[in-house]
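Okay, everyone, thanks for coming. I'd like to walk you through one structure today, so let me put it up.

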Amino acid sequence: MSKIVLYTTLFCPFCTRAKLLLEAKGVPYHEIDVGMDVAKRQEMLDRAGGRHTVPQIFIGDRHLGGSDELVALEQAGELDEWIKASI
């Protein structure tokens, strides 16, 4: 399984933004749709410390947060380091 996990819902523009950024970098990720899956939503809540918005992004064992945090990490030039560290 990919070292990057995105918890998402259908028709979420922030989820789309995160996925497009990762795809543009050629980085594989595992997407978990929590829209209609109560168990997966609870899994997300547990892993994300109660954060309920989507996407919730994990790189390796590290919780990054959402789309804004992903973009900020990329703009700061640190996203590649996080990805390499998760391998």
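Residues are numbered from 1 along each chain as its sequence is written. A quick caveat: this is a predicted model, with local features needing pLDDT of at least 70 and side-chain atom pairs counting only at pLDDT 80 or more, while totals for chains, interfaces and linings use all residues, and side-chain values use heavy atoms, leaving out hydrogens and water.

Strands here are DSSP E runs of at least two residues, helices are H or I runs of at least four, both numbered from the N terminus. Strands count as paired if DSSP finds at least two bridges between them. β1 (residues 4-8) and β3 (residues 56-59) pair antiparallel, over four bridges.

Zooming out, there's an open sheet of four strands, ordered β2-β1-β3-β4, with mixed pairing. β2 (30-33) and β4 (62-65) are the edges: each has a single partner strand, so one side of each lacks a neighbour in the sheet.

Now, which aromatic rings pair up? Y7 and F58 do, edge-to-face, at 5.9 Å centre to centre and 80° between the planes. For the cut-offs, Phe, Tyr and Trp rings (the six-membered one for Trp) pair with centres within 6.5 Å; planes under 30 degrees apart are stacked, over 60 edge-to-face, the rest tilted. Y7 sits in β1 and F58 in β3, 51 residues apart. Both are buried, meaning under 20% relative accessible area with a 1.4 Å probe, protein chains only (exposed is over 50%, partly exposed in between).
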